[in-house]
Amino acid sequence: MNTILITGAASGIGRETALLFASKGWFSGLCDRDPEGIDSLKKKIDATFGPDLCCTIPMDVTDPNSVNEGIALFLKKTSGCLDLLFNSAGLLAMGTHDTIDLPRHRAIVDVNLTGVINLIHACMPALKATKNAAILTMSSASAVYGTPELATYSATKHAVRGLTEALNIEFAPYDIHVGDIMVSFVRTPMVTASETQATSLRRLKAGITPDTVAAAVYKSYFKRRVHRHVGGLLKLLILTCTLAPFAQRFLVKVLAFSGTPAHPAANR
């Protein structure tokens with residue numbers, strides 16, 4: 001039986017990925033700091049696909065001790081096997097950089113970047129011991145060019161892109177594939193429940209569903225790429241930036257910045 005460890009499994013992309021992989025017969029480790037969310041997901045998997053296809057792992061990806069304890073629990077269930085680590089946990093805050101408080105900026109970095117590094121570091125022994133293992137991490141269209149009103153989030157996704165590219169080369173001798181999933185706005189609670197919406201979200205909308213991203217994750221395990229681009233709009237943006245790199249700043253400014261500060265009440 002193949003095995004996958006999923007962070008941020010309680011909702012959105014992580015939840016849909018767990019359901020898809022369970023439907024394929026994979027054993028999933030459901031990691032999240034929302035115990036009720038992962039318990040609810042486990043009940044659904046048990047009822048839909050049968051028992052013994054998942055385990056719940058309360059985990060704070062920013063805390064190395066929590067990460068190590070969670071991975072140890074997972075590996076006891078899988079006899080040390082880990083085919084795929086999927087870093088799906090993420091945070092964002094929308095608005096101009098100066099309107100977001102410093103603790104929120106730091107939390108975004110801690111979850112989106114430090115959390116990914118924590119998971120990769122802790123999972124390496126199991127990944128090395130598993131033939132044809134892989135690491136996939138959620139990235140974003142904002143990793144193509146810095147996105148206004150999502151500046152710190154965008155910075156973390158640029159960092160994920162760089163980490164992915166470097167480790168894709170470094171880990172090849174261990175037979176570990178490293179890749180990321182690049183996607184524009186996805187219709188998840190993290191995006192749709194935000195009181196303040198970035199100009200780019202208001203103009204481009206959250207048109208991609210979590211199950212579409214989950215399908216891309218499944219495909220990426222078998223058809224391996226460093227970056228998998230999801231959605232026609234992102235592919236068009238990348239093509240435009242490749243053919244006309246001088247136009248990147250202008251294009252992003254037109255699509256993603258109104259020039260006036262966003263106000264929560266105006267975005268509801």
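The buried residues of helix α3 pack against β1 (3–7), β2 (27–32), β3 (54–58) and α4 (102–129). This is a predicted model, and its protein chain holds 10 helices and 7 strands. Of the 268 residues in the chain, 51% are buried.

**The chain overall**

- Among contacts in the protein chain with a separation of 6 or more, 71% join residues 24 or more positions apart.

**Helix α3**

- Helix α3 covers residues 64–78, which is 15 residues. From first C-alpha to last, α3 reaches 21 Å, close to the 21 Å expected at 1.5 Å a residue.
- Ser-66, Val-67, Gly-70, Ile-71, Phe-74 and Thr-78 are the buried residues here. Viewed down the axis of α3, the buried residues fall within an arc of 125°, so they line one face of the helix.
- Asn-65, Glu-69 and Lys-76 sit on the other side of α3, where they are exposed.
- Just past the helix, Ser-79 has a positive phi of about 55°.

**Helix α2**

- Helix α2 (residues 35–49) also gets a length check: its 15 residues should span 21 Å at 1.5 Å a residue, and the end C-alpha atoms are 21 Å apart, which agrees.
- Gly-37, Ile-38, Leu-41 and Ile-45 are buried in α2. Down the axis of α2 these buried residues fall within an arc of 90°, so they line one face of the helix.
- Glu-36, Lys-43 and Ala-47 are exposed, on the face of α2 turned away from its buried side.
- The packing partners of the buried α2 residues are α1 (12–23), β2 and β3.
- Gly-50 follows α2 and has a positive phi, near 105°.

**Enclosed space**

- Searching the whole structure turns up 1 cavity of 30 Å³ or more. The largest cavity has a volume of about 40 Å³.
- Its lining is made up of Thr-7, Val-61, Asn-87, Ser-88, Ala-89, Val-111, Gly-115, Val-116 and Leu-119.
- Helix α4 supplies the largest share of that lining, with 4 residues.

Notes:
Residues are numbered from 1 along each chain as its sequence is written. This is a predicted model: local features need pLDDT of at least 70, side-chain atom pairs count only at pLDDT 80 or more; totals for chains, interfaces and linings use all residues. Side-chain values use heavy atoms; hydrogens and water are left out. Helices (H or I, at least four residues) and strands (E, at least two) are DSSP runs, numbered from the N terminus. The expected span of a helix is 1.5 Å times one less than its number of residues. Buried means under 20% relative accessible area, exposed over 50%, partly exposed in between (1.4 Å probe, protein chains only). The arc is that of the directions from the helix axis to the C-beta atoms. Contact means heavy atoms within 4.5 Å. On a 1 Å grid over the protein atoms alone, a cavity is a set of points where a 1.4 Å probe fits but cannot get out, and a pocket is an open set with protein on both sides within 12 Å along at least five of seven lines; lining residues have an atom within 4 Å of a point. Grid points are joined across faces, edges and corners, and a volume is the space filled by probe spheres set on the points.
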